[in-house]
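Morning, everyone. Let's look at one structure together. Sequence and model are coming up on the screen.

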Amino acid sequence: MEQVDVIDRVIKNAISVMESSKYQIFEILDNARSEMRSLNQELQHVMKEAGETVDRVDILERDYRLARIRLTEVSRDFVRYTEADIKAAYEKATQIQLDLMIFREKEIYLRARRDDLQKRVRNVEKSIERAETIGSQMNVVLEYLSGDLNQVTRILESAKNRQLIGLKIIVAQEEERKRIAREIHDGPAQSLANLVLRTEIVERMMHKQDFTQVLDEIVDLKSQIRSGLEEIRKVIFNLRPMALDDLGLIPTLRKFVHDFEEKTRIRTTFEVRGKELRLNSGMEAAIFRLVQEAFTNTMKHAHASYVSLDITFQAQMVKLVIQDNGQGFNKDLLSEKQKKHTHFGLIGMQERVELLEGRMDVESTENVGTKIIFVIPTNANSREELQDGYENNRYDKN
């Protein structure tokens, strides 16, 4: 009992410190967001001014060419033009040249200012992302610490592995968010930034009435827009395949398997047995992620040339069998890795299946291949039926 009281005090002190730190993180996050708004406003103003300056430079370049032509004309014909005419033409050309130099310098400054602001915006975005990540992690830890403190000892003893897995899942989620952010930054964001610059070029060509090059640029812009749209669609599909909601699990998996084969050049097959049923949205998404994770593991680790997916719809459960002809592994060594929490791919799938009240079995032989079997109840209350069905079908080679 004394140990529980000591743990209680330690946890309460930790909660107090973390609550204080959390508010400081929120303050930093709020300041960063305010700075982001200010930088974006300034960036928009600079980009607008830069566009106006570019237009002004184009006009001055045209006027300067005309002024030089005029100066040459009056300088050659002393009969038609007086000395005053020559002086006026010279002064006008000189003034336009001076204005042109000023606005060119201004254009260079504004472009440099724009690049600097864009860099600062990216840095602030990273700061906001870090603050949000730390804040979310602190909230998760606080939720753990703020539970029933009288049961802390029992939780520490009986759920240590689950907590470790939970924290690993949180880390994996954050890594996934960073990956998606990088995909957006390196793909669609870069494409859009390039499109802005290309449209500035088109504007300048329009002013110069160079319509042939304008047409070429527009054709190239259309191609870049299509490419950027395709990149955005890929990011959206990775986040949540819309076909899951529109068409259901099986058509979405067919597309995934087809795309997987095209991308990896690993031969695939997909078979559906039994009467296909629409499941609730959350369960279909979870099953899709299980298949996605299993195929990704095959691609990264198995060195396989073939992988198959078989789905069987039964009365109150769904059975999935994913099998490859890769290098396989020693299950005894895998058990040791799982105890050390160094084989997170299979642990993560096991955790997802348990959340669905399901079971997972792995069969693997070195240099032969790997088979993963998932049995998931469509009725979460049917634990007894699940157990019976799982044991009956566990080593079904279909």
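Predicted model: local features only at pLDDT ≥ 70, side-chain atom pairs only at ≥ 80, totals over all residues.

Where does Glu 284 sit? It lies in helix 8. Is Glu 284 buried or exposed? Its relative accessibility is 2%. The cut-off for buried is under 20%. So Glu 284 counts as buried.

Now helix 8 itself. Helix 8 has 22 residues, and at 1.5 Å a residue it should span 32 Å. Its end C-alpha atoms are 31 Å apart, so the two values agree. Look at the start of the helix. There, a side-chain oxygen of Asn 280 comes to within 3.2 Å of the backbone nitrogen of Gly 282. After helix 8 comes His 303, with a positive phi near 55 degrees.

Next, the largest nonpolar core. This core has 35 residues. Phe 295, Leu 309, Ile 311, Leu 320 and Phe 374 touch the most other members. Several elements each supply at least two core residues, including helix 7 (249-264), helix 10 (344-355) and strand 5 (369-377). Helix 8 gives the largest share, nine residues.

One last item. There is a second, separate core of 16 residues. Ala 32, Leu 110, Val 121 and Val 124 are among its members.

Conventions. Residues numbered from 1 in each chain as written. Heavy atoms only, no water. Core = buried A, V, L, I, M, F, W, Y, C linked by side-chain atoms within 4.5 Å. Buried < 20%, exposed > 50% of the residue type's maximum accessible area, 1.4 Å probe, protein only. Helix = DSSP H or I, 4+ residues; strand = E, 2+ residues; numbered from the N terminus. Expected span 1.5 Å × (residues − 1). Polar contact = N/O pair within 3.5 Å; in protein donor to acceptor, adjacent residues only side chain to side chain.
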